[in-house]
Amino acid sequence: MYAIVRAGGRQEKVSVGDLVTLDRVPGGAGSTFELPALLLVDGDKVTSAADELAKVKVTAEIVENLRGPKIVIQKFKNKTGYKKRQGYRSELTKVKVTSIA
């Protein structure tokens, strides 16, 4: 059984026991939260109706909060002396899917 869930503006395919890295979720390590399901596949049965998916609960537990790799942004314009350098690290959360019910 697996589900397609909405997580941080993206869609993720998850099943029970999967470790998934998402955008930062409020809460500390050990706390749980629910993810909204968009599609549920249970063997041969595929559920995509909104009223049936409202009954589905995908719960996940926060494993740790971390930061992503550094992304370097550089801008340069020739012959004008313009140079700009900037960096960015995204705030991420690693979660473990505990149940799909």
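In this predicted model, S90 is found in the loop that runs between strand β9 (82–88) and strand β10 (91–100). S90 counts as partly exposed, because its relative accessibility is 22% and the buried class ends under 20%. Leaving out residues up to four places away in sequence, S90 touches L66, R67 and G68. K70 is 20 residues from S90 in sequence, yet the two C-alpha atoms are 7.9 Å apart in space.

Charged pairs come next. The structure holds four salt bridges. Side chains of opposite charge can pair when their charged atoms come close. E91 forms one of these bridges with R24, and the closest N and O atoms are 2.8 Å apart. This pair links distant parts of the chain. E91 belongs to strand β10, whereas R24 sits in the loop between β3 and β4, 67 residues away. R24 counts as partly exposed, at 37% relative accessibility. E91 is also partly exposed, with a relative accessible area of 36%.

R67 forms a salt bridge with E91 as well, with the closest N and O atoms 3.3 Å apart. R67 lies in strand β7 and E91 in strand β10, so this pair ties together parts that are 24 residues apart in sequence. R67 is partly exposed, and its relative accessible area is 43%. A network of salt bridges with shared partners joins R10, E12 and D23. Within it, E12 forms a salt bridge with R10, and their closest N and O atoms are 3.8 Å apart. R10 is partly exposed, with a relative accessible area of 36%.

β3 and β10 pair in the antiparallel sense over five bridges. L19 has K96 in β10 as its bridge partner.

T59 is placed in strand β7. The side chain of T59 makes a polar contact of 2.9 Å with the side chain of T98. A polar contact of 2.6 Å joins the side chains of T59 and S99. With neighbours within four places in sequence left aside, T59 is in contact with F33, E34, V97, T98 and S99.

A second open sheet also has four strands, in the order β2-β1-β5-β6, and its pairing is antiparallel. β2 and β6 (45–47) are the edge strands, and each pairs on one side only. On average, neighbouring strands of this sheet are turned by 15° against each other, direction ignored. Strand β1 (residues 2–7) and strand β2 (residues 10–14) pair in the antiparallel sense over five bridges. V5 stands opposite E12 in β2. β1 and β2 form a hairpin, with two residues between them. In this turn, G8 has a positive phi of about 65°. β1 also pairs with β5 in the antiparallel sense, over four bridges. In β5, L39 is the bridge partner of I4.

The nonpolar residues complete the picture. In soluble globular proteins, nonpolar side chains tend to be buried together. The largest nonpolar core of this model has 19 residues. Those with the most contacts inside the core are L22, F33, L35, V56, V58, V95 and I100. At least two core residues come from each of β1, β3 (19–23), β4 (32–35), β5 (37–42), β7 (58–67) and β10. F33 touches L22, V25, V58, T59, A60, I62 and V95, not counting residues up to four places away in sequence.

Terms used: Residues numbered from 1 in each chain as written. Predicted model: local features only at pLDDT ≥ 70, side-chain atom pairs only at ≥ 80, totals over all residues. Heavy atoms only, no water. Pairing = 2+ DSSP bridges. Buried < 20%, exposed > 50% of the residue type's maximum accessible area, 1.4 Å probe, protein only. Contact = heavy atoms within 4.5 Å. Core = buried A, V, L, I, M, F, W, Y, C linked by side-chain atoms within 4.5 Å. Salt bridge = Lys/Arg side-chain N within 4 Å of Asp/Glu carboxyl O. Axes fitted to C-alpha atoms, helices over the stretch in contact; angles between N-to-C directions. Polar contact = N/O pair within 3.5 Å; in protein donor to acceptor, adjacent residues only side chain to side chain.
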